Every structure is written in structure tokens, then in C-alpha cells.
Amino acid sequence: MVKINGEELNVAGKTIAEYLATTNYDPKRIAVERNGDIVFKSQYGETLLQDGDSIEIVSFVGGG
Amino acid sequence: MNNDKLIIGGHEFNSRFILGSGKYSMKLIEAAVKDAGAEIITLAVRRANTKEQESILDYIPDGITLLPNTSGARNAEEAVRIARLARELGCGDFVKIEIMRDSKYLLPDNQETIKATEILANEGFAVMPYMYPDLNVARDLVNAGAASVMPLASPIGSNKGLATKEFIQILIDEIDLPIIVDAGIGRPSQACEAMEMGAAAIMANTALATAGDLPMMASAFKNAIEAGRNAYLAGLGRVLTRGASASDPLTGFLRD
């Protein structure tokens, strides 16, 4: 299982690009962190999600 | 006045009003930016939502500098992660460090803020740390590579004004970086007073978000900040310790 934004998902074995393609995220408006490290956009296609990974997918919201 | 620029991390700004974007409709952002005359707007970073396709970035006019904050961070490590994610979101190198470990008063953790400032400044960020106004901490932030120092006026979102006035004045007098008063400014008159004291800029969010007419309040703040800046540059008149001083000639009275 892979934890994505706090939710355990059965997506191990997919690349980040493959996972994102199954979602409604706008790739231009998100940033991805894997186990505490940034995954650059250019690496989405080659970064494999592995069992136990913790992924954060973030975007901008209003704030002070 | 055209030569009076605010310089942060090598970037020049004409406006001295940094606008927050929290707690109000994205649809009001364009009007707020315009009526505030703002050139910098703050944003937060949060887990992305797949349900909402609208992005706040679609509502921010071109040419406005984005200043992501690290709100939600409880220590330096989390702030550094959020700052890196914000940069990856493609907003440039500015970051406002905000580290809190207390959810009642939302006071910044100065020690963790110094640590995060040093790490991020070394990574090339223009670091704008939000802090509790303490001269020793401000000096450490300078040494850590901060691009400005952002002392709080009173607790975040309280609209209580310049509760820390004396200590902000010390930072203005002693620190050779822009002192930007952040948090707690509730009224234009308070923003004006901080600018008269020599603050470099004002950051406001809740004062606008909780106002009756947000764009009109943005305009009121803009005018107050400009008035305070001009008063500071002009040099305030002196205050008498006691007694009075006539403004009228003391000769030529209509009597012998």
C-alpha cells in the first residue's frame, strides 16, 4: 500500500505519472513529495511508487 | 516618491502593502489586489484536492509576486519541506516562514524560525520570517540570511493592532533589513502608525477578510500605508514634553 495525502491506496508498482493519470489533479498546479523529498515534474514518469511510500500532493490555497 | 522602493531579496517593489489571500472568496482577489495597489500576495500550501478544479492562481493578476507561507509547520524541518514544495509549485523563490506549535495563540516559534531561515537562505530562497519581536532573534535572522524580518503586531487574526509597538520600534531602529509588520493589524490607522514609525511595509489579511466591504478596506489600507510612509519620510514634528508653543506670531497683537 502507498499512503497518498493520508489515504492508503493500492497503487504500488505504478509510476507517479501513471497514478496521476487516474486522478483529477491538474499536473501544472501540484507539487509532489515522496518520503519527504521533492519529486520534480521531470521525474514523474520514472518514479515508481513502492509499498510503504508516503506521498504528499499539494497545491496553493488562500492564506496569510 | 518614485525612488522610494521597497527592496526584498534584491527585488524592487513600489507598494508597501502585502496582501493576504485567506478567509475570503477567490473571486474578490482581483479587486483586492487592485484596490490595495498590492504587488505581493501571500498563499498557503495544502494537500491538493481532486474535487475542486479551481486554482487560486487563476484569480491572481499577472505580475503579482507570490509569497507562499509555511503555515501548518510545527518545526523547522516541516517549514523547509513546505518551502521546497512551494518552490516546486513554480512561484519563485520567496517564502514567508511561519512556524507555530501552539494552536491557541498561534505564536511563532522563534528558535525553529531561525533554523529554517538559515537552511532556506542557503538554498537560495528570499526568506521572510514571521517572528515574535525580539531584537536578539532578529539579529540571528539577519545572520541566518533573512531578506526581511516580519514581527507580529498582535496575535494573528485578532485585529488588535500594535500591541508590540515598543519592540517593533527597536527592530526598526537596530535591524538593517526591511521590517514588515505582520499579523494583528486591524485598522488602517494602525497600519499608518506602524509606517510612521519606520516600518518598511504592512502585511494584512484578516483586517480585510472580516471587513464589511473588502475592496474598499483594501483601498483604505493602501491610503493609510502611503500616508504613514510619507510622514516617516517627511520626518514627524517634535512633541513638547510640557507647555505649549504658539503657531501664530507673538507680536502685532491688536492692543498696546
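Helices, meaning DSSP runs of H or I with at least four residues, and strands, meaning runs of E with at least two, are numbered here from the N terminus. With that convention, B:Asn159 sits in the loop between β8 and α5 of chain B.

Before I go on, what you see is a predicted model, in which local features need pLDDT of at least 70 and side-chain atom pairs count only at pLDDT 80 or more, while totals for chains, interfaces and linings use all residues. Residues are numbered from 1 along each chain as its sequence is written, chains are lettered from A and ligands numbered from 1 in the order in which they are written, and side-chain values use heavy atoms, with hydrogens and water left out.

Let me stay with backbone angles for a moment. Most residues other than glycine have a negative phi. B:Asn159, however, has a positive phi of about 55° although it is not a glycine, and B:Leu106, in the loop between β6 (94-97) and α3 of chain B, has a positive phi near 55°. B:Leu106 is partly exposed at 30% relative accessibility, and B:Asn159 is partly exposed as well, at 26%, where buried means under 20% relative accessible area, exposed over 50%, and partly exposed in between, with a 1.4 Å probe and protein chains only.

Turning to α5(B), residues 165-174, which of its residues are buried? They are B:Ile168, B:Leu171 and B:Ile172, and because they fall within an arc of 100° when seen down the helix axis, they line one face of the helix; the arc is taken from the directions from the helix axis to the C-beta atoms. On the other side of α5(B), B:Glu166 and B:Asp173 are exposed. The cover over the buried residues includes, among other elements, α4 (135-144) and α6 (188-197) of chain B, contact meaning heavy atoms within 4.5 Å.

That brings me to α4(B), which packs with α3(B), residues 110-122, at an angle of about 15°, with the axes 8 Å apart. Axes are lines fitted to C-alpha atoms, for helices over the stretch in contact, and angles run from 0 to 180 degrees between N-to-C directions. The two helices are therefore roughly parallel, a term for angles under 35 degrees.

Finally, B:Tyr132 lies in the loop between β7 and α4 of chain B, and, leaving aside neighbours within four places in sequence, B:Tyr132 is in contact with B:Leu107, B:Pro108, B:Asn110 and B:Leu152.

Definitions and conventions: Angles under 35 degrees count as roughly parallel, over 145 as roughly antiparallel, 65 to 115 as roughly perpendicular and the rest as oblique.
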